[in-house]
Amino acid sequence: MRTQPTCTKCHERSSVYHRTYSGERLCPTCFKVSLKERVQGAINRFDMLDHWSRVAIGVSGGKDSLTLLHILKGIEEGTHGSELIAVTVDEGIKGYRDEASGIVERSCREMGVEWVSVNFTDLFGYTMDEIAASERTLGACSFCGVLRRRALNEAAKSVDADRLATGHTLDDMAQSALLNLLRGDVGKMTSLDPGGYTSPGFVRRIKPLCEVPERETTLYAYLQGFELQSTTCPYAGEAMRGDTRAFLNDMEARRPGTLFTTYNTALKLIPEAKKADAMKTCKTCGEPSVGDTCRVCQLLENRRR
Ligand code: SF4
Ligand code: ZN
Ligand code: ZN
């Protein structure tokens, strides 16, 4: 019978995970410790938190955001002493979001974290199901992404947070970087800054999982025994992101390290993108905007026509 190789960190326990991009083989304990250290390292390097920050964490109920919540809870109890509040956006997607909200509520209760939820109907007057059912030129995810971003900012402001942490993984960062290039939208690279930046009207967004591959949040969630969602969003297949994800996953399997290289390239482009991305104030809603009218008002205005 084949025995599992020993963990390359502790040299004691059997490994359960082969980290192809570094060559390490890790046991469950060393794997979880290494993930926490990776997140702590990113927080320090990008100066994400001050002592006593009030951090809103966007928690959707998926493995990434639950992993983020659990790791930040551990880190904050140990060192920073920041206050954590989980915030969830209910887009109004029947079946999908109802299940996720239940998971978030139970997880927050177990971890002892305060939880607030905001919804599309209160903020924008429509559910995502209503928007998806109507005539639209854009894919559902393009709409949803813009509105979710605004909703999370509103939720963070409503709890007086000075940081908004999101569960974007290394895969998300690499996919967004490539999507921005494919769409010729280099200015959008600014939103990939893992440490975020302060801008009037915006709660500073931080991405503590920016260097954690998605397969590692999956393993962390499995090892922790998190309750996970069984349904997927009915509109998920519409996004161009799916093609980009498939391409990058294929490249990563054949050339381990591709995700990190793509992400690191985006980091190099951020300073240039920032120079070109001066913020204005939306003339309709008064929120921060790249142009005279923000994306939220453009999308909702097109819908009303
Ligand atoms: Fe919104 Fe698309 Fe995500 Fe569904 S898959 S929640 S529509 S962004
Ligand atoms: Zn070990
Ligand atoms: Zn606006």
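## Zinc ion (ligand 2)

The model described here is predicted. The donors are the SG atoms of Cys7, Cys10, Cys27 and Cys30, and they lie 2.3 to 2.4 Å from the zinc ion (ligand 2).

The angles among the 4 donor atoms of the zinc ion (ligand 2) run from 101 to 116°, and the site is tetrahedral.

## Zinc ion (ligand 3)

The zinc ion (ligand 3) is coordinated through the SG atoms of Cys282, Cys285, Cys294 and Cys297, at 2.3 Å. The sequence spacing of these donor residues is C-x2-C-x8-C-x2-C.

What is the arrangement of the 4 donor atoms around the zinc ion (ligand 3)? Their angles are 106 to 113°, so the arrangement is tetrahedral; for four donors, that term requires all angles to lie between 85 and 135 degrees.

Cys294 has a relative accessible area of 3% and is buried. Cys285 is at 33% relative accessibility and therefore counts as partly exposed, since buried means under 20% and exposed means over 50%.

## Aromatic pairs

Across the whole structure, a search finds 4 aromatic pairs. One of them joins Phe120 and Phe124, an edge-to-face pair with 5.4 Å from centre to centre and 80° between the planes. Both residues belong to helix 4, where they are 4 residues apart, and so about one helical turn separates Phe120 from Phe124. Phe120 is buried, at a relative accessible area of 0%. Phe124 is buried as well, with a relative accessible area of 10%.

Tyr220 and Phe226 form a pair whose ring centres are 6.3 Å apart. Why is this pair of Tyr220 and Phe226 tilted? The planes of the two rings stand at 55°, so the pair is tilted; planes under 30 degrees apart would count as stacked, and planes over 60 as edge-to-face. Tyr220 is at 0% relative accessibility and counts as buried. Phe226, at 16% relative accessibility, also counts as buried, because the limit for that term is under 20%.

Note on methods. Residues numbered from 1 in each chain as written. Chains lettered and ligands numbered in written order. Predicted model: local features only at pLDDT ≥ 70, side-chain atom pairs only at ≥ 80, totals over all residues. Heavy atoms only, no water. Phe/Tyr/Trp six-rings, centres within 6.5 Å; stacked < 30°, edge-to-face > 60°. Helix = DSSP H or I, 4+ residues; strand = E, 2+ residues; numbered from the N terminus. Buried < 20%, exposed > 50% of the residue type's maximum accessible area, 1.4 Å probe, protein only. Donors = N, O, S within 2.8 Å, 3.2 Å for Na, K, Ca; no water. Tetrahedral: all angles 85-135°; square planar, octahedral: opposite > 155°, others 65-115°.
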